[in-house]
Amino acid sequence: MAWTRARRRWAWALALVLAALALAVPLTVARRQEPTPRGTPVNVVLEDFKVGLDAAVVPAGTVRFQIRGQGPTRHELLVVRTDHAPDKLPLQRDGLTVNEDAPGIDLLDEVDGLDIDDRQTLVLRLAPGHYVLYCNLEGHYLGGMHASLAVR
Amino acid sequence: MPRSPSAEVGAASATQRPAAGGRSGVGRLVPRLPILGDLRLGRRLGWVIPVLIVLVAAIVGYNARAIAQQRGSALVVYTAARQRALVERYTKDVLVVVDGFPADPKESGEAMRQPVDVLLDGGSVRAPQGGGSRVEIAPARDWRVRLKLEQDRRLIDELIRTGDRLLDGGRDDPHYAANLTRLRVLSAQLSSVSNDAVQEITQQTEASLSRLVRIEIALGLLSALAALGLGLLLRRAGAEQAAQFRSLVNNSSDLITVLARDGTIAYQSPSVQRMLGRRAADLVGTTLGDLVHPDDQDDVNASLTKLVEAAPGATANFGCRLQHKDGSWRHVESICTNLADDPRVNGLVLNIRDVTEQAALRTSISDLLHNLARRSQGLVDRQLELIDELERNEVDPERLDELFRMDHLATRMRRNVENLIVLSGVDQRRRWRASVPLRDVVEAAVAEVEDYSRVQVAGIHDLTLAGQAASDVAHLLAELVENATSFSSPTTTVEVSGGPTGNGYVLEIEDHGIGMSDIELDEANRRLAEPLAADVAVSRMMGFHVVGRLAARHGIRVQLRHCWFGGVTALVLLPAALLGSAGEHPAMAPPVPAGVMVSPEALLLANATKSGWQPRAHLPLRRHAAPAPNRGGDTDAAAEAGEPVE
């Protein structure tokens with residue numbers, strides 16, 4: 001059967017669609033199979049206005065903070081090594097936020113912009129000591145958004 | 001008067017153009033767009049237009065939605081940002097009052113609560129640049145935004161409670177410091193929540209607008225593609241239609257000719273090569289009159305002039321002869337449409353059909369008809385002569401009466417035969433060289449009618465009729481009188497009278513029948529004014545055709561009218577050129593006194609006096625259709641004319 005011009009055109013279009021599918025499927029599968037980071041897992045829940053941890057003490061080494069924002073307000077999470085009590089961190093001059101540059105405060109890392117239902121993982125190598133996790137948005141820390149973590 | 005088959009009419013000579021036909025198939029589903037004109041839409045084209053319309057409608061709809069959303073979002077952001085300022089104002093008012101200065105924290109507290117309520121539940125807010133006008137805001141729908149705003153509202157309530165405690169306790173309250181810190185923390189938290197809500201709303205607005213823009217771009221691209229496809233399909237459809245039209249025109253056996261306003265040929269279809277052996281290009285710019293037979297030019301010019309003066313869209317039919325390149329003449333019939341107001345044509349469109357073969361056939365039939373009629377006419381004439389001899393020799397009144405009846409029947413047969421000769425188109429009736437008294441002509445016509453005793457002739461002036469028209473006028477009147485007697489009650493009379501007019505003399509034949517409808521009357525008058533060629537239809541309604549043809553020969557006008565008392569009046573206008581006479585002018589001649597009964601017998605047997613024809617005791621039938629030129633009475637002039645001429 002002789003192929004008309006219209007049939008050839010349809011055949012080309014079909015071939016292109018099949019090729020696009022052949023490329024897209026492996027890429028999607030590959031993305032789903034990302035390796036899970038190792039370390040001691042610690043689930044952290046951020047909500048107005050408190051920080052919830054499922055562990056108060058963890059072994060030294062790699063710690064994997066699996067953070068989940070529960071809102072309703074957007075939050076951030078800072079991890080500092082300090083000997084201060086969680087509710088006694090030094091404040092800035094505005095009296096509303098923690099002074100991260102103050103002596104005795106060693107900021108290790110932070111995660112920000114966690115909105116409702118956002119999830120993020122923070123992996124840190126923690127030496128033995130006392131750590132405080134808090135949200136340093138205006139009024140959040142003073143509202144009670146802090147938690148203590150001991151590493152041994 | 002007549003309700004005879006003769007009352008039927010043929011095609012009108014000038015009619016309005018019929019409405020354009022509809023379209024079929026998918027085209028019917030597509031709205032008829034004025035911009036497309038008469039372009040027929042193919043199947044594919046039929047679907048492209050609705051798709052394009054839907055796309056354009058979607059773009060317009062999305063645009064409207066985007067504009068509304070943008071405006072609403074801007075107001076929401078403004079309201080959220082204003083709420084933060086109100087929190088700061090409330091906090092400040094509380095501290096000012098605690099320090100002993102005047103302020104109204106209650107009012108600022110209410111003001112602080114209002115934006116959140118509006119954002120959550122919907123309502124009106126004052127437009128930032130609206131000169132005091134208020135704009136409606138819809139309730140927040142996104143669950144994230146709603147959670148944040150509800151948190152905002154809880155914090156405001158707590159802030160107001162804390163403020164109330166400060167206002168109630170003052171500086172002396174032991175919890176003053178704690179309450180003050182709590183006030184500042186709550187204020188900061190509210191600012192944070194408000195910022196968060198504003199950020200969320202802004203992000204969502206941006207995302208929504210971005211989505212809308214993407215959709216609009218996609219729709220725009222689709223529309224452009226659809227428009228491109230539509231353009232291509234329209235172009236193809238137009239080309240196909242033009243090719244189809246060209247093919248139809250080129251292969252048609254008919255000619256399509258467009259005459260410009262100046263009478264020149266603006267377009268000539270190529271089929272003229274087949275019909276007239278001429279190239280279409282050679283004819284463009286020439287006039288149609290160059291091709292028309294000289295004898296037909298007046299008729300063609302009259303038809304075209306009449307059409308040009310008619311309303312746009314009117315049509316007219318005419319026949320003529322066109323000259324072939326080899327010199328022969330082709331008989332054609334043309335349907336002409338006035339499209340002078342159509343800018344695409346700007347002239348008269350002639351659809352010309354070659355009917356040479358039909359014309360030859362018609363001539364052949366006419367010849368056949370004429371030959372047969374002539375033979376019958378000869379026989380009837382001989383029969384009449386024989387009856388005449390018998391009448392002359394018969395003395396028994398009863399036998400004579402029977403002979404008169406035979407005489408009358410034979411006379412009617414002869415008139416029928418003469419009708420056939422008239423319809424055959426051949427003019428071979430007897431003619432007189434000299435004028436004949438009009439009254440004699442009328443009486444002769446009445447004598448040919450079977451119910452002549454019901455006919456009253458009165459008021460005919462003393463005029464003469466040109467000899468060459470006498471026989472035809474008598475025949476014409478006989479047909480009309482016959483019709484009048486046939487279609488009226490046997491107990492009623494038919495009155496024939498006459499009177500002068502400015503341009504001739506009018507004979508009136510008036511019956512007392514049931515009359516005719518307006519439509520029938522119009523059709524009959526049209527038939528009388530424009531007699532058709534002989535065909536089957538004509539044979540069924542011979543009377544009016546014969547009258548029309550005879551009238552046309554001599555420029556006589558015949559018209560039927562309603563009678564005010566019922567019935568129909570036939571008016572026969574004899575032109576002044578046919579009249580002569582006893583007086584110099586018809587109006588000067590004394591009429592026969594009204595109401596005087598004039599018998600047909602008088603034409604043959606009675607002695608005429610100068611006062612008119614006298615009635616006789618009995619009414620024998622007259623055999624001759626035309627007045628006898630050699631009879632006595634006041635027809636001396638006719639008698640002097642001698643023998644009739646052919």
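A crossing of two helices is left-handed if the near helix is turned anticlockwise from the far one by less than a right angle. With that in hand, here is a tour of this predicted model.

Q: How do α9(B) and α14(B) lie to each other, roughly perpendicular or oblique?
A: Helix α9 (residues 397–423) and helix α14 (residues 542–554) of chain B pack at an angle of about 60°, with their axes 10 Å apart. Roughly perpendicular would need 65 to 115 degrees. The two helices, α9(B) and α14(B), are therefore oblique.

Q: In which hand does α9(B) pass α14(B), and how many nonpolar residues has their contact?
A: The crossing of α9(B) past α14(B) is left-handed. Its contact brings B:Asn419, B:Val422 and B:Leu423 of α9(B) together with residues of α14(B), including B:Met542 and B:Leu550. By class, the contact of α9(B) with α14(B) has one charged, two polar and five nonpolar residues.

Q: Which strands of chain A stand at the edges of the sheet?
A: The open sheet of chain A has mixed pairing and runs in the order β3-β9-β8-β5-β6. Two of its strands have a single partner each, so one side of each is left without a neighbour in the sheet. Those edge strands are β3 (57–58) and β6 (105–114).

Q: Which residue of β8(A) is the bridge partner of A:Leu78?
A: Strand β5 (residues 75–82) and strand β8 (residues 129–134) of chain A run antiparallel, joined by four bridges. In β8(A), the partner of A:Leu78 is A:Tyr134.

Q: How many charged residues are on the side of chain A that touches chain B?
A: Chain A gives 15 residues to the contact and chain B gives twelve. The chain A side divides into six nonpolar, five polar and, finally, charged residues numbering four.

Definitions and conventions: Residues numbered from 1 in each chain as written. Chains lettered and ligands numbered in written order. Predicted model: local features only at pLDDT ≥ 70, side-chain atom pairs only at ≥ 80, totals over all residues. Pairing = 2+ DSSP bridges. Contact = placed C-beta atoms within 7 Å. Nonpolar A, V, L, I, M, F, W, Y, C, P; charged D, E, K, R; others polar. Axes fitted to C-alpha atoms, helices over the stretch in contact; angles between N-to-C directions. Parallel < 35°, antiparallel > 145°, perpendicular 65-115°, else oblique.
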